[in-house]
Amino acid sequence: MSADDRSDDLPRAVGILHGGGVVAHATEGVWGLACDPFDAAAVDRVLAIKGRDAEKGLIVAAGRAEAFANELEGLDDEMAARIRASWPGAVTWVVPNRRFPHWITGDRDTVAIRVPGHQQARSLADAFGRAIVSTSANRSGVEPARTAEAVVDALGEAVDFILPGEIGSNTGPSRIIDALSGRTLR
């Protein structure tokens, strides 16, 4: 049995998220940090762990496109279909915000959303029951972790749980596209 087949790990990670904790998990190309986007204290912890300014905002990820129905219904049908067609995948879309708090959006009227192309990341969000914060597991200005060991080395005891797993074959974080302008931001 491989480490990512342990049946108690996902429920443990979800319980930690529901309790306001921070979980490191594998994504398509780097390790990520997850927390409840509606829990201000949990988001503050993620920002402190990363040394990241709140004004930059954070990406939220879900297990399926339907979790972002509120955000997608605010777009024209063609753009909403384009976004859905890109998921699951390593594409983040910046769309008009309809419900996420200012500590996620960085006080912008937009929010960055994605459905990862990594099964574990989707499973974590699905099991949590709604979108999760999805940000790279690293301190700001430092390369994102590509192994669980690198998460431990970079962040030490700052995270509450490292969900066993392996990253996918992508070489870096997700691409970010502004849905209204079509401009690639990263």
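**View 1. His25 and the residues it touches.** Leaving aside neighbours within four places in sequence, His25 is in contact with Val30, Trp31, Gly32, Leu33, Ala34, Gln120, Ala121, Leu124, Ile132 and Leu163. Please keep in mind, here and in every view below, that this is a predicted model. His25 belongs to strand E1. Is this histidine buried or exposed? With a relative accessible area of 1%, His25 is buried, because anything under 20% counts as such.

**View 2. Helix H6 and what covers it.** Helix H6 takes in residues 119–128. Which of its residues are buried? They are Gln120, Ala121, Arg122, Leu124, Ala125 and Phe128.

**View 3. A stacked pair of phenylalanines.** Two aromatic pairs are found in the structure, and this view is about the one made by Phe38 and Phe100. A pair of aromatic rings is described by the distance of the centres and the angle of the planes. For Phe38 and Phe100, the ring centres are 5.3 Å apart and the planes meet at 20 degrees, so the pair is stacked. Where in the chain do the two partners sit? Phe38 is in the loop between strand E2 (31–34) and helix H2 (40–50), while Phe100 is in the loop between strand E4 (91–96) and helix H5 (102–105). The pair thus links distant parts of the chain, 62 residues apart. Phe38 is partly exposed, at a relative accessible area of 34%, whereas Phe100 counts as buried, at 4%.

View 4. Phe68 and Trp87 make up an aromatic pair with 5.9 Å from centre to centre and 50 degrees between the planes, an arrangement described as tilted. Phe68 lies in the loop between strand E3 (59–61) and helix H3 (69–72), and Trp87 in the loop between helix H4 (77–86) and E4, so the pair ties together parts 19 residues apart in sequence. Phe68 counts as buried, with 0% relative accessibility, and Trp87 counts as buried too, with 8%. Look next at the peptide bond that runs from Trp87 to Pro88: this bond is cis, with omega near -10 degrees. Pro88 is placed in the loop between H4 and E4. Most residues other than glycine have a negative phi, and most peptide bonds are trans.

**View 5. Asp107 and its positive phi.** Here the point of interest is a backbone angle. Asp107 is not a glycine, yet its phi is positive, at about 65 degrees. This residue, Asp107, is found in the loop between H5 and strand E5 (110–114). Is Asp107 buried or exposed? Its relative accessibility is 64%, so Asp107 counts as exposed.

View 6. Strands of a sheet pair through backbone hydrogen bonds, either parallel or antiparallel. The sheet in this view is open, has five strands in the order E6-E3-E5-E4-E9, and shows mixed pairing. Which strands form its edges? Strand E6 (132–133) and strand E9 (175–178) do, each pairing on one side only. E9 pairs with E4 in the parallel sense, over four bridges.

**View 7. Ile177 on strand E9.** Ile177 is in strand E9, and Trp93 stands opposite Ile177. Not counting residues up to four places away in sequence, Ile177 touches Val91, Thr92, Trp93, Val94, Gly182, Arg183 and Thr184. Ile177 and Thr92 are 85 residues apart in sequence, but their C-alpha atoms are 6.3 Å apart in space. At 2% relative accessibility, Ile177 counts as buried.

**View 8. The largest pocket.** The largest pocket holds about 610 Å³ of space. Its lining has 35 residues, and those closest to the centre are Arg52, Ile59, Thr135, Ile176 and Arg186. At least two lining residues come from each of E2, H5, E5, strand E7 (135–136) and E9. Which of the elements gives the most? E5 does, with four residues. By type, the lining divides into 13 nonpolar, 14 polar and eight charged residues.

How values were computed. Residues numbered from 1 in each chain as written. Predicted model: local features only at pLDDT ≥ 70, side-chain atom pairs only at ≥ 80, totals over all residues. Heavy atoms only, no water. Phe/Tyr/Trp six-rings, centres within 6.5 Å; stacked < 30°, edge-to-face > 60°. Buried < 20%, exposed > 50% of the residue type's maximum accessible area, 1.4 Å probe, protein only. Pairing = 2+ DSSP bridges. 1 Å grid on protein atoms, 1.4 Å probe; cavity = no way out; pocket = protein on both sides within 12 Å on 5 of 7 lines; lining within 4 Å. Points joined across faces, edges and corners; volume = space filled by probe spheres on them. Nonpolar A, V, L, I, M, F, W, Y, C, P; charged D, E, K, R; others polar. Contact = heavy atoms within 4.5 Å.
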